[in-house]
Amino acid sequence: MEEPWKQPAAVGEILGELAASYLKLIDVSKKDENYFGVILRLLDLARSAKIDSIEVLLADVEYFVAVGKPDAALARIKA
């Protein structure tokens with residue numbers, strides 16, 4: 001049996017939580033291209049797991065709010 005952390009659902013959740021945690025560093029780091037590039041890469045990896053977990057949803061919403069796109073955040077919640 002495969003380890004639980006290697007299953008796509010678990011990987012998606014872990015990456016979503018990691019992206020959300022990285023976003024929380026926004027107060028203590030500069031918002032540059034590299035910072036948002038890391039977040040986008042983590043979110044892309046989480047989405048590629050094809051599991052729409054609450055962790056990925058929250059990370060997406062937090063990202064959209066952080067980059068000043070509240071309408072996109074609301075659309076993501078409603079999707």
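**Exercise 1. The side chain of D60**

Determine which side chain makes a polar contact with the side chain of D60 in this predicted model, and whether D60 is buried or exposed.

*Solution.*
Step 1. The side chain of D60 makes a polar contact with the side chain of R76, at 2.7 Å.
Step 2. The relative accessible area of D60 is 1%. Because buried means under 20% relative accessible area, D60 is classed as buried.
Step 3. Once neighbours within four places in sequence are set aside, the residues in contact with D60 are L43, R47 and R76.

**Exercise 2. The helix pair around D60**

Locate D60 in the secondary structure, and describe how α2 and α3 pack.

*Solution.*
Step 1. D60 lies in helix α3, which spans residues 54-66.
Step 2. Helix α2, residues 33-48, packs with α3 at an angle of about 150°, and the two axes are 10 Å apart. Since angles over 145 degrees count as roughly antiparallel, α2 is roughly antiparallel to α3.
Step 3. The crossing of these two helices, α2 and α3, is left-handed.
Step 4. From α2, the contact is made by F36, I39, L40, L43, A46 and R47; from α3, by V56, A59, D60, Y63 and A66.
Step 5. By class, the residues of this contact comprise 9 nonpolar, no polar and 2 charged.

**Exercise 3. The chain as a whole**

State how many helices and strands the chain has, and what percentage of its residues is buried.

*Solution.*
Step 1. There are 4 helices and 0 strands, in the pattern α-α-α-α along the sequence.
Step 2. Of the 79 residues in the chain, 33% are buried.
Step 3. Among contacts between residues at least 6 apart in sequence, 50% join residues at least 24 apart.

How values were computed:
Residues numbered from 1 in each chain as written. Predicted model: local features only at pLDDT ≥ 70, side-chain atom pairs only at ≥ 80, totals over all residues. Heavy atoms only, no water. Buried < 20%, exposed > 50% of the residue type's maximum accessible area, 1.4 Å probe, protein only. Polar contact = N/O pair within 3.5 Å; in protein donor to acceptor, adjacent residues only side chain to side chain. Contact = heavy atoms within 4.5 Å. Axes fitted to C-alpha atoms, helices over the stretch in contact; angles between N-to-C directions. Parallel < 35°, antiparallel > 145°, perpendicular 65-115°, else oblique. Left-handed = near helix turned anticlockwise from the far one by under 90°. Nonpolar A, V, L, I, M, F, W, Y, C, P; charged D, E, K, R; others polar.
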